[in-house]
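Please read the points with the coordinates at hand.

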Amino acid sequence: MDVILFLAFAAIAVVCAVNLVVQTHPISSALSLIGVMGSLAVLYLLLGAEFIAMAQVIVYAGAIMVLFIFVIMLLNAGAEARRGRSLSAQILGVPGFFGLLALLSFAVLRLFPHSATVHFGGFKGGTGRDVGQALFTRYLLPFEVTSLLILIAIIGAVVLALKEME
């Protein structure tokens with residue numbers, strides 16, 4: 001059952017990712033990105049990382065996507081204009097893609113020939129306690145530096161907004 005769910009949501013993620021790139025309207029692309037983020041959250045759940053899955057839904061599929069949609073609507077971005085494609089891109093694009101895919105597959109199989117298989121639900125590090133412990137011990141400095149960078153960005157946005165109001 002886990003394998004069927006994995007294959008279904010992996011296929012949804014891939015289809016939404018392809019749709020994200022193919023779409024010409026930015027709102028449609030943002031909705032496809034939400035589909036990718038949601039299916040990734042289900043894949044995290046299958047691996048046993050419940051906290052990471054919920055953070056994926058709340059932070060990425062929720063907050064970040066609302067921000068993307070807000071910026072798209074604020075900029076009043078329309079659909080992308082279609083342009084003619086070159087003949088060489090049409091002829092070499094698909095074989096080049098499959099060649100690159102074969103090269104990457106060969107490199108991964110050569111670099112990681114005997115990697116361990118994934119056991120669904122076998123990951124035990126995705127709880128809130130484990131993430132909090134790692135965040136406030138090993139990753140305390142990067143966490144604090146990130147919070148300072150976000151604070152600087154907020155102050156910069158307020159200063160720029162005040163200059164525009166004057």
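1. The structure under review is a predicted model. The values discussed here should be read with that in mind.

2. Packing of H2 and H3. Helix H2 comprises residues 26-47 and helix H3 residues 50-75. Their axes are 8 Å apart, and the packing angle is about 175°. An angle over 145 degrees counts as roughly antiparallel, and H2 and H3 are therefore roughly antiparallel to each other. Sorted by class, the residues in the contact of H2 with H3 are 21 nonpolar, 1 polar and 1 charged.

3. Ser39 in H2. Is Ser39 buried or exposed? Its relative accessible area is 3%, so Ser39 is buried, the limit being under 20%. Ser39 is located in helix H2. When residues up to four places away in sequence are not counted, Ser39 touches Phe9, Ile12 and Ala13.

4. Ala53 in H3. Ala53 belongs to helix H3 and is buried, with a relative accessible area of 0%. Its contacts, not counting residues up to four places away in sequence, are with Ala41, Tyr44 and Leu45. Between the C-alpha atoms of Ala53 and Val159 the separation is 36 Å, and these two residues are 106 residues apart along the chain.

5. Gln56 in H3. Which residues are in contact with Gln56, leaving aside its neighbours within four places in sequence? They are Met37, Leu40, Ala41, Tyr44 and Ala61. Gln56 lies in helix H3, and its relative accessible area of 7% makes this residue buried.

6. Ala63 in H3. Helix H3 also holds Ala63. This residue is partly exposed, at a relative accessible area of 48%, whereas Ala53 is buried. Ala63 and Asn19 are 44 residues apart in sequence, and their C-alpha atoms are 21 Å apart in space.

7. Aromatic pairs. How many aromatic pairs does the structure hold? There are 2. In the pair of Phe97 and Phe98, the ring centres are 5.3 Å apart and the planes stand at 65°; planes over 60 degrees apart count as edge-to-face, so this pair is edge-to-face. Phe97 is partly exposed, with a relative accessible area of 49%.

8. The pair of Phe136 and Phe143. Here the ring centres are 5.3 Å apart and the planes are at 80°, so this pair is edge-to-face.

9. The loop residue Thr137. Where is Thr137 placed? Thr137 sits in the loop between helix H5 (128-135) and helix H6 (140-165). Thr137 is partly exposed, with a relative accessible area of 47%. A polar atom of the Thr137 side chain lies 2.4 Å from the backbone oxygen of Gln133. Thr137 and Lys163 are 26 residues apart along the chain, and 40 Å separates their C-alpha atoms.

Key
Residues are numbered from 1 along each chain as its sequence is written. This is a predicted model: local features need pLDDT of at least 70, side-chain atom pairs count only at pLDDT 80 or more; totals for chains, interfaces and linings use all residues. Side-chain values use heavy atoms; hydrogens and water are left out. Axes are lines fitted to C-alpha atoms, for helices over the stretch in contact, and angles run from 0 to 180 degrees between N-to-C directions. Helices (H or I, at least four residues) and strands (E, at least two) are DSSP runs, numbered from the N terminus. Angles under 35 degrees count as roughly parallel, over 145 as roughly antiparallel, 65 to 115 as roughly perpendicular and the rest as oblique. Ala, Val, Leu, Ile, Met, Phe, Trp, Tyr, Cys and Pro count as nonpolar, Asp, Glu, Lys and Arg as charged, and the others, Gly among them, as polar. Rings of Phe, Tyr and Trp (its six-membered ring) pair if their centres lie within 6.5 Å; planes under 30 degrees apart count as stacked, over 60 as edge-to-face and the rest as tilted. Buried means under 20% relative accessible area, exposed over 50%, partly exposed in between (1.4 Å probe, protein chains only). A polar contact is a pair of N or O atoms within 3.5 Å; within protein, one must be able to donate a hydrogen and the other to accept it, and residues adjacent in sequence count only if both atoms are side-chain atoms. Contact means heavy atoms within 4.5 Å.
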